[in-house]
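Good morning, everyone. Please have a look at the model on the screen while I walk you through a few parts of it.

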Amino acid sequence: MKILVNCSLPFALAHGGQAIQIQQTLAALEANGCQTEPVRWWDETQTGDLIHFFGRMPAGHIRLAHQKKLPVVMGELLTGAGSRSRLQLCLQKFISRTMKCLAPRNFTTAFNWESYRLADACIALTPWEAHLMHYLFDAPTERIHVVTNGIEEVFLNAPKASRGKWLVCTTTITERKRVLELAAAAVVAQTPIWIIGRAYADTDSYAQQFFALARQHPLIIRYEGAVSDRDQLAKIYREARGFVLLSAMESLSLSALEATACECPLLLSDLPWARTTFANAASYCPIAKNIEATARRLRQFYDITPSLPVPPKPPTWNEIGRQLKIIYESVLSTSR
């Protein structure tokens, strides 16, 4: 089976979880006997059995793939939609339905809403995203599959260690991740936190504000950049007092799964992706502009982490590769 892989955002433009997700998925598929290749847009002779598109594939491209007898599997991260309230989602659905009825077709085509109905299978990372694919975009329920992210063996096999004083947050230094707000709350709460990651650009004004705050409070905010060594990162998770991620928007955090694999207690933003993934295995913090309110919740989490239960282990990437292979085989046997 030969899988042609494509995505909507080049890795060089924005590092982060999606790049890791795609790289690990390709390795897992190869380990499960699938041949994988990136789509070579310049090569008209390239062949394959199926296209897996990470993102929302343009509807016109899906139609062209079907003309070539190529089924399409599509997996879009619904980061924005997945973080909206039910009222906001209802409004979004109403607006999109109204536009379909009243706006010119050549205007609405650009949104590629139809892609969800054309794709032979849709991959959702969480049950909440699966719900949204059907609710917002009319994806047929029988074609929606929930396949979570996997975890590298280095995190699952990391040796136990004594927990230290640092909470840890591994993420990109950007406004959506609310790293500056988390650091400010840690200063108010006097809870030591280690931020691991880098900005999309060090000249970004939001990142500059965070760097300045970290320099002002080195005993509370530990920042040394990113950690590329996976063994070292697993050791950090094992020794952390807890893991914190207070993003305003998220799909399914790989960092949270890595921390979970290392039996690290979790404090996450109170959003549907987190609730439907971790349920009672994590603690939650409302997204609030009030730093003092966030600080109180952070302090409470810091104090109770030793008594929190160990969250369940996530699946390995090899298991994810097996799940996807089964979906591919089903699609190939029933594709239109």
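Let's start with helix α2. The face of α2 turned away from its buried side carries two exposed residues, L64 and Q67. Exposed means over 50% relative accessible area, buried under 20%, and partly exposed in between, with a 1.4 Å probe and protein chains only. Helices are DSSP runs of H or I with at least four residues, strands are runs of E with at least two, and both are numbered from the N terminus.

A word on the source. This is a predicted model, where local features need pLDDT of at least 70, side-chain atom pairs count only at pLDDT 80 or more, and totals for chains, interfaces and linings use all residues. Residues are numbered from 1 along each chain as its sequence is written, and side-chain values use heavy atoms, with hydrogens and water left out.

Back to α2, residues 59-67. Which of its residues are buried? They are A59, I62 and A65. These three sit on the same side of α2, because they cover an arc of only 115° around the axis. That arc is taken from the directions from the helix axis to the C-beta atoms.

What covers them? The cover includes β3 (50-54), β4 (72-75) and α5 (115-118). Contact here means heavy atoms within 4.5 Å. Just after α2, K69 takes a positive phi of about 65°.

Next, helices α3 and α6. Helix α3 spans residues 86-102, and α6 spans 127-137. They pack at an angle of about 35°, with axes 10 Å apart. Axes are lines fitted to C-alpha atoms, for helices over the stretch in contact, and angles run from 0 to 180 degrees between N-to-C directions. From α3, R86, L89, C90, Q92, K93 and R97 take part. They meet W128, L132, Y135, L136 and F137 in α6. By class, this contact has seven nonpolar, one polar and three charged residues. Nonpolar covers Ala, Val, Leu, Ile, Met, Phe, Trp, Tyr, Cys and Pro; charged covers Asp, Glu, Lys and Arg; the others, Gly among them, are polar.

Last stop: E258, in helix α11, residues 254-261. Is E258 buried or exposed? E258 is buried, with a relative accessible area of 4%. What does E258 touch, leaving out residues up to four places away in sequence? Its contacts are I151, E152, F155, R230, L233 and Y237.
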